[in-house]
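Have the model open while you read.

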Amino acid sequence: MDYKVKQQKQQTKKLSTTTITTPISKNMVNHKEQQPDNLVKSITKSTEELTIQENLLTTSTSGQSTTTTTTIQPVTTTTTTTTTSTTTTTSSNVLVENGNGNGNGSGVVIEHLKPEVEYGNIEYKLQLINPTPDRLEHLTSQMKWRIGEGAGECLYELGVSDDGTAVGLSEEDMTSSLETLNKMAKKLNADLTIIRERPGLSGGKVVEALIRKYASTEDFSEIRVVCCGNVDAGKSTLLGVLKCGVLDDGRGKARLNVFRHRHEVESGRTSSISQEIVGFDSKGKIVNYNTLHSSLSPSEICESSSKIITFVDLAGHEKYLKTTLFGMTSSSPDYCMIAVGANTMGATGMCKEHLGIALSLHIPVYIVITKIDRAPENVLAATMTDIKKILRGPGARKLPVVIKNQDDVVVAARNFVSDRVVPIFTVSNVTGENLDLLRMFLNLLPARKEWESLALKPAQLDIDSTWNVSGVGTVVSGTVMKGVITAGETLLIGPDDSGNFVQTQVKSIHTKRLPVKHVKAGQTASLALKRIKKEQIRKGMVIIHPSAKPQATREFIAEVLILFHSTTISKNYESVIHCLSTTQSARLIEMDKEVLRTGDRARVKFRYLHRPQFLTVGSKFVIREGRSKGIGRIVELCPFVVEPIVHKISNAHGHSNAHLTNAANSAIKKQTATRAQRLKNKTTDG
């Protein structure tokens, strides 16, 4: 009997210390397990009863990779025979963080953070007590650098040494350090906001502070978030609540603030692409709510905001998938929000489709589970379990983190840009439960640093909408992908059907309905153009600086991955290509394999069927035939050759006139039309 008890204890100990490392699947989808109604298949075992150690977050500095580890609070699972207490080890900015979960950080003991890096918008300071004028000037220059790295904002950890040790400061030293930090911020026209306070190792206090520049109409940080999810998941209602600050009545009152068309109001379903903005001031407060009478206009919000969150509301119904795909690719989103109804028993319908597309395009995703006030506990638990299984599956390999308090929000916002962590929020638009956590998360969302380097290149704007405004003329809108566009500047627009670019002049520029003198990479803008008509412009064209020497292309070589196809794909296969703001059918004319099946990778050559487009090497695209079939990345562009237009008209002897010139074909068409008209008149007279 003693031997059996000893053996059982050894097995239990072995179970609690076993480490499982699951390799990341090379293919986005497992061919044998994939079903036609989803792109992401949940094929994974429960990891709550075992210890998993993965390198989830790897930060690269000067060509070197630094891997950090976090120990999360142990999870206890009980069975009918034994009780096993296990610890899940993941990677984060915080190495050891155990707390009582009260949300204010009072019980959280920080032992260590990852070492400070030279780049980025996070700075560690052990103390800032009575610095000399020269030292203060140096610290101010350092803060200016960090603010520039964070596109207008940065984070300071007070009481933390450069190696990441959370020493902590006494109350008196922390007060003096905050006063010095506030002086530095005021010199740079910025505000200081304390995010959270936690105890350090020495019994002192560790403070995390947000430094954000004052509002400026010329230069504000803009983050674009696309809102996806299945139909009736509550996307538009959630945006209406976030935009206006007024809770929903349970019957769709809040979504009326974001609908654009009458049929959307009548049906309650979004069918078009609409944009809504939420502004945060330098102290992190939402500007949209600072009014007693009526809601602020977009221009008024921009004038008072230091940071703008632009929500792109997309359609959830399957028949509007083309519109949704265009919105996800043309707007160049920074992040993606997936809305899931808590009463739907998991991610169903188009939710999996949208999630698969976002993961394929490498867009960081966070999930918002809505309608928790209407869902029973067992249904909500089943929905949460299904979402976690999908995110942990081999098609995603993400780490789902359920947000329950403010500490979770701060840690998730820091690690969110790594594209490995997926925060999960549970909210109610009727009762307002947990909406404050979602607003705090949006306030802390970091801006993409890539836009700063792209702003140094020749200007380029991808057109996604065109108008003819009375008294103004031709107006186009889109996202500035590169450089800076200034009012009065002469640029090129194209390509047309012949692959040519024509000159045009920018008369005026508006962003968020606010007139500005210039816009830079990463911002959405509307341009009023001279010397060009609306009929000459279409979606997918670009406005580009002449120094870029743009060239149109009709054929390109790409590396593709087939997400799902019921049969095989071979040469001459035709599908719709969604690449940035371009949407056009293309034919597969060459491939390095005989056939392609689900999960296959190949190097192929596409040819647009109708007209040339402006593309760039490295751009990602989605292959769609009905639903999404695959993703790809352009690796080479083929020069565009103008092809003569030849009309195949048979002559009186039945022979084709394909060899005739365009002028001859036009004459033949005119003669044919004249004969038809004479015959018609003769019949009428008779």
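1. A word on terms before the packing: contact here means heavy atoms within 4.5 Å. With that cut-off, and not counting residues up to four places away in sequence, phenylalanine 425 touches Tyr366, Ile367, Val368, Ile369, Ile403, Leu437, Leu438 and Phe441.

2. Some housekeeping. This is a predicted model, where local features need pLDDT of at least 70 and side-chain atom pairs count only at pLDDT 80 or more, while totals for chains, interfaces and linings use all residues. Residues are numbered from 1 along each chain as its sequence is written, and side-chain values use heavy atoms, with hydrogens and water left out.

3. Helices (H or I, at least four residues) and strands (E, at least two) are DSSP runs, numbered from the N terminus.

4. Now the charges. I see 26 salt bridges listed for the structure, each being a side-chain nitrogen of Lys or Arg within 4 Å of a carboxyl oxygen of Asp or Glu. Take glutamate 171 and lysine 205, whose closest N and O atoms are 3.1 Å apart. Glutamate 171 sits in helix H3 (residues 171-187) and lysine 205 in strand S14 (residues 205-213), so the pair ties together parts 34 residues apart in sequence. Glutamate 171 is exposed at 53%, whereas lysine 205 counts as buried at 16%.

5. What does arginine 633 pair with? Its salt-bridge partner is glutamate 559, at 3.3 Å between the closest N and O atoms. This one links distant parts of the chain, strand S36 (residues 627-638) and strand S31 (residues 555-562), with the two residues 74 apart. Both ends are partly exposed: arginine 633 at 36%, glutamate 559 at 38%.

6. Glutamate 574 and arginine 587 also form a salt bridge, with closest N and O atoms 2.7 Å apart. Glutamate 574 is in strand S32 (residues 574-579) and arginine 587 in strand S33 (residues 582-591), so parts 13 residues apart in sequence are tied together.

Notes
Buried < 20%, exposed > 50% of the residue type's maximum accessible area, 1.4 Å probe, protein only.
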